Structure formats: structure tokens, C-alpha cells
Amino acid sequence: MSPSKNPLVAIVDIFCSPIDCFAAVHERPKWSWLAYLLIMFGSVIMWGAYFNNVDLPWLQQALTAQLSNVDHEVQQAWLTKEVLLAGEVFSDLVGRTAVLFILALWLNLATKGSQYTISFGKWLAASCFIMMPSVIGDLASYINIMFNPANILPNAADLNSFNGLLKLPLNNPWSPFMTTMPLLAPWYIALTYAAVGAWTDFDRAKAIIVAALPWLLVIVVWPLMIALA
């Protein structure tokens, strides 16, 4: 194991050699600011490309048809390029930041049994690197937007989510779940497992449980709530 030498190398290592990345981040948690900024920047670029390339009259008509229960004057005020772009970017930035804090809190609580004490701040730093694959999803979404001649709705444009593949309409009851369920969850679980294995004394089975449990709860509990609603 050879810890990453600088933040840029750590960004590369999270994809090529996660153990080396986490070894370095354990000693230099402030490097996570670069990962955080890239995660946020990827979302801004992706949504900017979407609203610069989508046929806006088509989008407004499609959203109006699917949101028919909303007052017409409200639709006219909200269905503008600027408002839609700001809404998607704000939702992504807040959502991704919340995921980072929730994941860090989970890891901080779930690893209390380890003989090695890891602070919440360090788990937050690790979470920023764990979520770095979302930048790959943003890049794939950007390429799809730029080279796909077909018009797609915002909830189906982000290839980070399952709805990027399924493309369920907004009025489908499963759309919120599929839109927020990350397509790259197995990658996040693998990186979480690497971090837990590198920073704690947990055996393989316990590290896998800690890494996978929060995602499995989302996959199981939310669909049950939708089905029973």
C-alpha cells in the first residue's frame, strides 16, 4: 500500500487503487474538498448542458401535460429555463450534500465497535471520495445529452439514477424512487467496503454489512412504502 501523494492523485486512486486513496485521506482529510467540489461541479455542468440543448417548448408542453393538477399561472411562472435549471441544480447540490452527511453519520455510528476511533469529520472526508463515481455518471449524462437527438425529461436525463435507464414519466408513482435510486450503488458499496476495511479492524463480513446496509434499506423500505400507499 502506497498512500496517494496529493489530492489529484487521490482522485485518480479512488478509481484505480481505493486503498491507497483512503490511506492518504485518513491522514489528510482536507483533501476531500477537491472531491466535494468535483461532485458539485459535475452536476452543474450536466444540467447546464441539458437546458442548453433541450427543446424548451417541447419540455414545457411535456411538463404541463404531466403536471396538469398544478394551477396554470403557477406553471407559467415556474416552467422557464432559468427556474427549471436552478431547481435541478439546487436539488442536486442539496441532495448530494445530504447523502454525504448521512453516509458519514452512518459510518461513524456503525464503526463504534472498532478499536480504532475515527471521527465524523474523517468519515465525511471518506464519503466525499466514496461518492466520486457520481462524476462518472455526470460525464455519461453529459455525453448522452450532447449526442442524443431525442428529447428527454429532466427526471430521465441523469444517468446516475435508475430512471436514466427506465425513463418513467413524472406522474408514475415509482418515478420518485427510480429517480433518486443511484444506478452506481454497487460501486458506492464497494468503495465504502474499502474505506471500512482500511480504517477499522472489522472482518470482511462485518465490513460488507456496514457498507451495504444503508443502500439495502433504501431499496427495500421505500418500495414497500410506495406499494402500501
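This is a predicted model: local features need pLDDT of at least 70, side-chain atom pairs count only at pLDDT 80 or more; totals for chains, interfaces and linings use all residues.
Helix H7 gives the most residues to the lining of the second largest pocket, 4 of them. Residues are numbered from 1 along each chain as its sequence is written, and side-chain values use heavy atoms, with hydrogens and water left out.

**The second largest pocket**

- This pocket holds about 210 Å³ of space, a volume being the space filled by probe spheres set on grid points that are joined across faces, edges and corners.
- A pocket here is an open set of points on a 1 Å grid over the protein atoms alone, where a 1.4 Å probe fits, with protein on both sides within 12 Å along at least five of seven lines; lining residues have an atom within 4 Å of a point.
- The lining is made up of Pro29, Lys30, Ser32, Trp33, Tyr36, Leu100, Phe101, Gly121, Leu124, Ala125 and Cys128.
- Helix H3 (32-53), helix H6 (81-110) and helix H7 (120-130) are the elements that each give two or more residues to that lining; helices are DSSP runs (H or I, at least four residues), numbered from the N terminus.
- By type, the lining splits into 8 nonpolar, 2 polar and 1 charged, where Ala, Val, Leu, Ile, Met, Phe, Trp, Tyr, Cys and Pro count as nonpolar, Asp, Glu, Lys and Arg as charged, and the others, Gly among them, as polar.

**Salt bridges**

- The count comes to 2 salt bridges, taking a salt bridge as a side-chain nitrogen of Lys or Arg within 4 Å of a carboxyl oxygen of Asp or Glu.
- Arg96 pairs with Asp92, with the closest N and O atoms 3.8 Å apart. These two are 4 residues apart in helix H6, so about one helical turn separates them.
- Arg96 also meets Asp138 in a salt bridge, at 2.8 Å from N to O. Asp138 lies in helix H8 (residues 133-147) and Arg96 in helix H6, so this pair ties together parts that are 42 residues apart in sequence.
- Arg96 and Asp92 are both buried, and Asp138 is buried too; buried means under 20% relative accessible area, exposed over 50%, and partly exposed in between (1.4 Å probe, protein chains only).

**Loop residues**

- Lys167 sits in the loop between helix H10 (163-166) and H11. Its phi is near 55 degrees, a positive value in a residue other than glycine. Most residues other than glycine have a negative phi.
- With 36% relative accessibility, Lys167 counts as partly exposed.
- Phe202 is in the loop between helix H12 (185-199) and H13, and at 11% relative accessibility Phe202 counts as buried.
- From Phe202 to Tyr116 is 86 residues in sequence, and 9.9 Å in space, C-alpha to C-alpha.

- Thr180 belongs to helix H11 (residues 175-180) and is partly exposed, with a relative accessible area of 49%. Thr180 and Val99 are 81 residues apart in sequence, with 11 Å between their C-alpha atoms.
- Leu109 is in helix H6 and counts as exposed at 53% relative accessibility. Its C-alpha is separated by 8.8 Å from that of Phe120, 11 residues apart along the chain.
- Ile136 is part of helix H8 and is partly exposed at 38% relative accessibility. Ile136 and Pro154 are 18 residues apart in sequence and 18 Å apart in space, C-alpha to C-alpha.
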